[in-house]
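Here's a quick briefing to read with the model open beside you.

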There are 2 protein chains.
Amino acid sequence: MTDIFHALADESRRLLLDRLFEKGGQSLNDLCEGFPMSRQGVAKHLGILEKANLVSVHWQGRSKLHYLNPVPLGDIVHRWVGKFEDARIAALTDFKDQIEDNQKPKQEKRRA
Amino acid sequence: MTDIFHALADESRRLLLDRLFEKGGQSLNDLCEGFPMSRQGVAKHLGILEKANLVSVHWQGRSKLHYLNPVPLGDIVHRWVGKFEDARIAALTDFKDQIEDNQKPKQEKRRA
DNA sequence: TTGACATGCAACTATATGGTTGCATAATTG
DNA sequence: CAATTATGCAACCATATAGTTGCATGTCAA
């Protein structure tokens, strides 16, 4: 459940997800095509995506076909985005409070 | 833009976001309260969250108040979730194709 | 001004991670 | 069966990262 964020943290893995989004059912070799990395590197990333349940596989003879599984993304939406949609409103309230408290940014020179 | 994923990849940072979600305008020391980490550790994480634009700050005297900024989360939603909402449908189509192609999982013994 | 408080900067360490290479194993083809 | 193809496993390396400690700097209160 928590590996989803970890799995999405790597650009190569996001690219792999892009590829599987474009076309499902690709084998490891398919996904290696034009990918600037060794086959083993791609395999590792796919393994991480599998563990995160973002990719499901389907064996066909000696070929392992990969499919995008969008369900965990939905979990992120519901756990985080919904929360942060609420937070957006809360943040507006915060800023409103600040303004009402006369919290003009007058002492920010420290950052300069 | 790409640091958002990286920022969200760490559990400590997600907890900090949770805290700021619960209550905005907390200082570094506030956030250190009961956090199993040194003050510098928390400060580092907050810096990463700031760079990812997930946390905005507001100086008040010698205190740096932290606020959750939910906007970048919206970017994720629109870039990824929308895409994967579509993919959910595409995946269903894929599986449907498999079934229609008689792709019953008959050669999966390899994993055993 | 002096001291206490809140944060920032920098160096350092241990471990995690992305990537590699080499070899092993299983399935298709001839 | 032999050769080829597709993937898996394991060791290895370089770097990134999370965390630490120590000290410096800026701000408030007396």
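This is a predicted model: local features need pLDDT of at least 70, side-chain atom pairs count only at pLDDT 80 or more; totals for chains, interfaces and linings use all residues.

Residues are numbered from 1 along each chain as its sequence is written, while chains are lettered from A and ligands numbered from 1 in the order in which they are written.

**Chain A at a glance**
- Chain A has five helices and two strands, and along the sequence they run α-α-α-α-β-β-α. Helices (H or I, at least four residues) and strands (E, at least two) are DSSP runs numbered from the N terminus.
- Of its 112 residues, 27% count as buried. Buried takes 20 or more other C-beta atoms within 10 Å of the residue's own, exposed 12 or fewer, and partly exposed is in between, with C-beta atoms placed from the backbone.
- Among chain A contacts with a separation of 6 or more, 53% join residues 24 or more positions apart. A contact means C-beta atoms, placed from the backbone, within 7 Å.

**Along the DNA**
- Around DNA strand D there are 23 residues, and A:Ser27, A:Leu28, B:Ser38, B:Gly41 and B:Gly61 come nearest. Near means that the C-beta atom, placed from the backbone, lies within 6 Å of the strand.
- Helix 4 of chain B gives the largest share of that surface, four residues.
- DNA strand C also has 23 residues around it, with A:Ser38, A:Gly41, A:Gly61, B:Ser27 and B:Leu28 nearest. Two or more residues each come from helix 4 of chain A and from helix 3 (28-32), helix 4 and strand 2 (63-68) of chain B.

**The core**
- The largest nonpolar core has 33 residues, and A:Leu49, A:Val55 and B:Leu49 touch the most other members. Such a core is a set of buried Ala, Val, Leu, Ile, Met, Phe, Trp, Tyr and Cys residues joined through C-beta atoms within 7 Å.
- Leaving out residues up to four places away in sequence, A:Val55 touches several residues, including A:Leu20, A:Leu46, A:His66 and A:Leu68.

**Helix 4 of chain B**
- This helix has 13 residues and reaches 18 Å from first C-alpha to last, close to the 18 Å expected at 1.5 Å a residue. The expected span is 1.5 Å times one less than the number of residues.
- B:His45, B:Leu46 and B:Leu49 are buried in helix 4 of chain B. They sit on the same side of the helix because they cover an arc of only 100 degrees around the axis, taken from the directions from the helix axis to the C-beta atoms.
- On the other side of the helix, B:Gln40 and B:Gly47 are exposed.
- B:Arg39 belongs to helix 4 of chain B and is exposed, because it has 12 other C-beta atoms within 10 Å.
- After the helix comes B:Asn53, with a positive phi near 70 degrees.

Technical notes
Two residues are in contact if their C-beta atoms, placed from the backbone, lie within 7 Å.
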